[in-house]
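Please look through the sequence and the predicted model shown here. The report after it is meant to be read beside both.

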Amino acid sequence: MADEATPEDYTKKLIALQGRDLPDNELDRWKHILGIDRGLLAMLADWIPSIGFLVEKIDKVIKDIAHAITGVVGGGLSAIGTWVEDFVNGVNRTVNQIGEVFRGLVVTPINNIVSGVRDWFLGLWQKGKGGKAEETFERAEQQGKQIIGHDEDIDNLDKNKAEIVDVPNIAMWMTLNPLEDPTFPRFFLNRSVKSVGDKTSSDSHAAFGTHNHSVINNRDPYYLPAKGRIELGYIRVPRLRSYDTVGIIVGAESNPCPMYITVYHMKSDGSLEMVWTSGNISGLITSQKTEYRMNLTEIFEGVEQPKSMLNQGGDYVAVGVLQTGNGNVRGLAGIEMDSVAIPAGIIPKKQNAMFVAGSNPPDMIPGSAIDFDNSTYAPWFCMGQKLSNDPPPKIKLGPDFFDRPDGGLGVNWATRGNIGITDGAAGVRGGNDGVRSALWVRPTNTDNHAVEVIVKNESSAGPRSCVILRSNNMFTRGLVYMWNRESRGFARCVGENNFQLISGTLQGAGIRSGARLKVVANGSAYYAYLNGEQIGAWNPPDPENFPIGPEYRFVGMAAARALWVDSPAIEEWQAFDL
């Protein structure tokens with residue numbers, strides 16, 4: 001169309017081409033021309049009042065598009081559909097803002113409405129149809145921002161989660177998951193010098209006399225909180241975020257007391273309102289020091305479902321960990337903080353605080369009851385987002401070839417007793433008679449899994465080695481398959497390193513060096529395979545007495561020593577979901 005064309009000329013042309021009447025109001029007319037119903041956006045605003053600003057922005061874009069098409073803005077256009085630089089610069093910011101919203105916003109009660117608006121809007125900027133707009137669209141897609149929603153009181157809000165490419169590049173010294181926000185950088189949890197002090201001593205030589213020695217202490221970055229006290233770590237949300245996971249790092253503890261994680265939202269007066277709390281998680285972590293993540297969930301109509309926490313940039317979230325009851329307190333990863341006088345009016349006063357809670361996390365913590373002054377350690381906590389919304393993938397643990405110097409099994413194993421590496425294989429490392437065991441620190445993702453090992457050597461008819469399936473985190477319950485060179489069979493764990501042979505499963509043939517043994521838990525049945533051929537199966541007559549579920553997905557191995565004879569060593573170990 002010629003440069004001198006006006007909006008009215010274009011409207012007449014459209015009427016002639018499409019044969020339809022258009023509204024008299026110019027803005028409504030252009031909404032109609034561009035294919036959007038007049039009442040649709042108004043309906044959207046009625047459903048979600050806080051989205052009203054979007055309606056205004058869309059109106060602005062419609063006007064700009066109309067004027068640009070018809071040559072009113074930008075010095076004139078030689079043809080319909082040609083986009084000029086002035087126009088692109090003029091609406092680029094609005095385009096980015098609205099495009100991000102519509103790429104991330106899906107509201108369950110009005111899916112069709114939102115989808116219609118989103119499809120209409122993004123269709124205007126579809127690749128291959130926009131000229132300069134195509135470049136704008138590509139730039140907007142690389143903005144690395146996640147816009148996921150508006151008010152916290154929007155019910156049934158489902159989000160399209162951000163992918164790694166959709167968020168700013170979070171360095172690994174902050175956290176291992178680029179979709180997480182920590183209380184402080186993970187890299188600070190190092191074993192560098194933690195304390196330097198002076199010690200006075202006397203030397204017997206007269207030339208030296210009394211003098212000072214500098215004492216350097218390197219220690220793990222963990223501290224022991226008191227029972228019945230919630231350790232709080234604050235996180236200032238850096239941008240609009242949807243959190244659905246919480247993370248902590250705990251120290252090693254063989255007899256842990258119950259532990260609870262709670263997520264709070266800080267209100268404007270500094271008080272904390274509970275958003276989510278876990279059950280007792282002590283049964284979900286082995287005795288080894290562990291970096292642990294937990295998904296936020298909620299019960300809806302009797303079914304456990306994923307839960308997300310919406311946050312605006314600048315909001316404060318507090319993660320709390322409470323330990324109470326029988327057992328020992330586990331250390332929390334953290335760094336010691338110095339007390340500093342804070343200017344009046346700053347909330348929160350520090351990244352760390354504590355609250356005496358007793359045996360249960362409270363639903364609300366008044367701001368006046370939060371103790372910042374006596375909290376000396378900042379715990380490392382994080383809030384984040386799962387890397388994928390898909391069901392947990394089937395994973396493989398290991399393999400571990402034990403091709404390391406003689407000694408302990410390493411950080412991936414939680415051990416009970418003197419089990420370790422000798423001459424490139426895992427097994428007994430001397431000591432008294434008895435059983436010792438090791439669990440892989442991470443559980444499998446599913447109830448159906450398998451453990452596979454290669455036997456390096458065999459003992460005589462002495463003690464048996466074992467593989468462990470469907471164990472709890474302390475290996476006081478679970479199923480094992482045991483063997484030596486003369487016999488093999490299934491057994492159950494009835495206490496710490498205490499096995500009970502299952503009647504009728506013991507076979508007179510053993511397992512020799514170099515053999516590959518695989519033991520499978522599938523449904524309520526258990527199977528054993530030797531070099532690919534099935535050698536045993538067992539179906540419990542009382543499957544209800546063999547626990548199954550997230551707390552019974554730990555796997556591992558065990559070895560024994562009796563009368564100075566060691567059980568068979570293992571030169572390769574691995575486990576995997578079926």
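## The model and its confidence

This is a predicted model, in which local features need a pLDDT of at least 70 and side-chain atom pairs count only at pLDDT 80 or more, while totals for chains, interfaces and linings use all residues. Residues are numbered from 1 along each chain as its sequence is written, and side-chain values use heavy atoms, with hydrogens and water left out.

The predictor's confidence in each residue is given as pLDDT, on a scale from 0 to 100. For this protein the mean pLDDT is 75, and 65% of the residues reach 70 or more. Over residues 13–20 the pLDDT stays under 50, and the model has seven contacts (heavy atoms within 4.5 Å) beyond four places in sequence for them. Residues 33–41 also have a pLDDT that stays under 50, and for these the model has 18 contacts beyond four places in sequence.

## Backbone geometry

Most residues other than glycine have a negative phi, and most peptide bonds are trans. The peptide bond from Ile347 to Pro348, however, is cis, with omega near -5 degrees. Pro348 is found in the loop between strand E17 (332–336) and strand E18 (352–356), where strands (E, at least two residues) are DSSP runs numbered from the N terminus. Another cis peptide bond joins Gly398 and Pro399, with omega about 5 degrees, and Pro399 lies in strand E22, which covers residues 396–400.

Asn497 is not a glycine, yet its phi is positive, at about 55 degrees. It is found in the loop between strand E30 (488–495) and strand E31 (498–501). Is Asn497 buried or exposed? With a relative accessible area of 17%, Asn497 is buried, a word that here means under 20% relative accessible area, with exposed meaning over 50% and partly exposed in between (1.4 Å probe, protein chains only). Asn531, which is not a glycine either, has a positive phi of about 50 degrees and lies in the loop between strand E33 (525–530) and strand E34 (533–538). Asn531 is exposed, with a relative accessible area of 53%.

## Cysteines

A search of the whole structure finds zero disulfides, a disulfide being a pair of cysteine sulfur atoms within 2.5 Å. Cys466 is in no disulfide, and the nearest cysteine sulfur, that of Cys493, is 9.4 Å away. Cys466 is buried, with a relative accessible area of 1%, and Cys493 also counts as buried, at 6% relative accessibility.

## Cavities and a pocket

Spaces are found on a 1 Å grid over the protein atoms alone: a cavity is a set of points where a 1.4 Å probe fits but cannot get out, a pocket is an open set with protein on both sides within 12 Å along at least five of seven lines, and lining residues have an atom within 4 Å of a point. Grid points are joined across faces, edges and corners, and a volume is the space filled by probe spheres set on the points. By this rule there are four cavities of 30 Å³ or more, and the largest cavity has a volume of about 50 Å³. Its lining includes Thr286, Ser287, Arg416 and Phe475. Strand E23 (413–416) and strand E26 (434–440) each give two or more residues to this lining, and E23 gives the most, with three residues.

The second largest pocket holds about 420 Å³ of space. Of the 19 residues that line this pocket, Arg186, Tyr222, Ile249, Lys289 and Glu291 lie nearest its centre.

Notes:
Helices (H or I, at least four residues) and strands (E, at least two) are DSSP runs, numbered from the N terminus.
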